[in-house]
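The following note sets out several points for a colleague who is new to this entry. Please read them alongside the sequence and the model shown here.

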Amino acid sequence: MTSDNDRRRGLLARLRGRPAARSRGRRRLGAAVRLIAALTLAGGAYTVFAPGVQAQENPPLSAAAGEGKALFDVSCVTCHGRNAQGVEGRGPSLIGVGSASVEFQVGSGRMPMARQEAQAVRKPPQFTDEQVRQLGQYIQELGGGPQVPAGNNLHAGANLSTGGELFRINCSQCHAFGGGGGALSSGKYAPSLKPASDRQIYAAMLSGPQNMPVFGDNQLRPEQKADIIAYIQETLKHDQDQGGFNLGRYGPSTEGLAAFLIGIVALVFASLWIAGKS
């Protein structure tokens with residue numbers, strides 16, 4: 001009798017356990033199905049939106065930049081790399097230098113360089129103004145950076161007096177008081193400012209070529225840059241030497257030496273004349 005009761009209880013327990021086991025199995029299966037559906041939905045969303053994100057990160061080049069890229073791939077890629085990232089031992093990265101650096105280096109004929117040396121030498125440019133603008137636009141769209149304002153006359157209405165003061169404070173140490181340039185260390189030098197245009201001077205201040213420091217808008221405001229350009233173009237490039245012979249416009253060093261030598265010679269001759277008279 002006892003064994004029959006035990007068998008009945010065991011049977012009832014098994015019957016009661018089956019729905020519970022089936023319920024747990026259904027829950028697990030449902031969770032697996034929901035997980036697969038969520039992964040499928042996420043993958044589909046990524047497939048749909050990923051090309052759009054990539055297109056935003058790499059926007060198409062403008063027409064001018066496209067022409068500039070074609071010029072870059074022919075004339076610049078050897079030293080600066082296929083994506084302007086630079087080549088070690090040949091040329092620096094151009095990412096972030098902006099069109100100002102391109103306009104100064106290429107527009108003044110310093111680039112492309114004929115050979116590796118301490119400093120790029122100014123020479124007749126190998127590209128037209130339009131090609132320089134296209135190259136600059138390509139580098140600008142590739143990595144951004146400083147840009148020269150539009151126009152060729154960048155010093156209209158500027159203050160010559162303020163420009164002279166700013167030039168003597170910030171530029172004369174390297175370019176000399178007369179803008180004729182001067183020697184620096186390690187075979188480098190500050191070039192003469194006489195052949196430089198408004199845009200080239202402005203681009204040099206923005207990009208800081210060679211040993212020249214960068215004069216961004218935080219260091220020199222745009223109107224102060226215009227004042228300096230006005231002083232260079234309207235004063236230093238014109239022969240306005242009211243005192244006579246300019247001695248190369250190298251500043252007080254040559255003037256002091258000339259005064260000393262002339263004075264000593266004059267004193268010697270005066271002494272000889274006095275001695276002869278006595």
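1. Lys 69 has a relative accessibility of 31% and therefore counts as partly exposed; buried means under 20% relative accessible area, exposed over 50%, and partly exposed in between, with a 1.4 Å probe and protein chains only. Its partner in a salt bridge is Asp 73, with the closest N and O atoms 3.0 Å apart. A salt bridge here is a side-chain nitrogen of Lys or Arg within 4 Å of a carboxyl oxygen of Asp or Glu. Asp 73 is likewise partly exposed, because its relative accessibility is 28%. Both Asp 73 and Lys 69 belong to helix α2 (residues 63-75), where they are four residues apart, about one turn of the helix. Helices (H or I, at least four residues) are DSSP runs, numbered from the N terminus.

2. This is a predicted model, in which local features need pLDDT of at least 70 and side-chain atom pairs count only at pLDDT 80 or more, while totals for chains, interfaces and linings use all residues. Residues are numbered from 1 along each chain as its sequence is written, and side-chain values use heavy atoms, with hydrogens and water left out.

3. The whole structure contains six salt bridges. One of them joins Glu 223 to Arg 221, with the closest N and O atoms 2.7 Å apart. Glu 223 is partly exposed at 43%, and Arg 221 is partly exposed at 43%. Another links Glu 117 with Arg 115 at 3.8 Å between the closest N and O atoms. Here Glu 117 is partly exposed, at 35%, whereas Arg 115 is exposed, at 56%.

4. Is Lys 225 buried or exposed? Lys 225, in helix α9 (residues 222-236), is buried because its relative accessibility is 0%. Its side chain reaches the backbone oxygen of Leu 220 at 2.5 Å. Beyond its neighbours within four places in sequence, Lys 225 has contacts (heavy atoms within 4.5 Å) with residues including Tyr 202, Met 205, Phe 215 and Asp 217.

5. Helix α4 (residues 98-107) packs against helix α5 (residues 129-143) at an angle of about 145°, their axes lying 8 Å apart. Axes are lines fitted to C-alpha atoms, for helices over the stretch in contact, and angles run from 0 to 180 degrees between N-to-C directions. Among the residues that meet are Val 102 and Val 106 in α4, and Leu 135 and Ile 139 in α5.

Definitions and conventions. Helices (H or I, at least four residues) and strands (E, at least two) are DSSP runs, numbered from the N terminus. A polar contact is a pair of N or O atoms within 3.5 Å; within protein, one must be able to donate a hydrogen and the other to accept it, and residues adjacent in sequence count only if both atoms are side-chain atoms.
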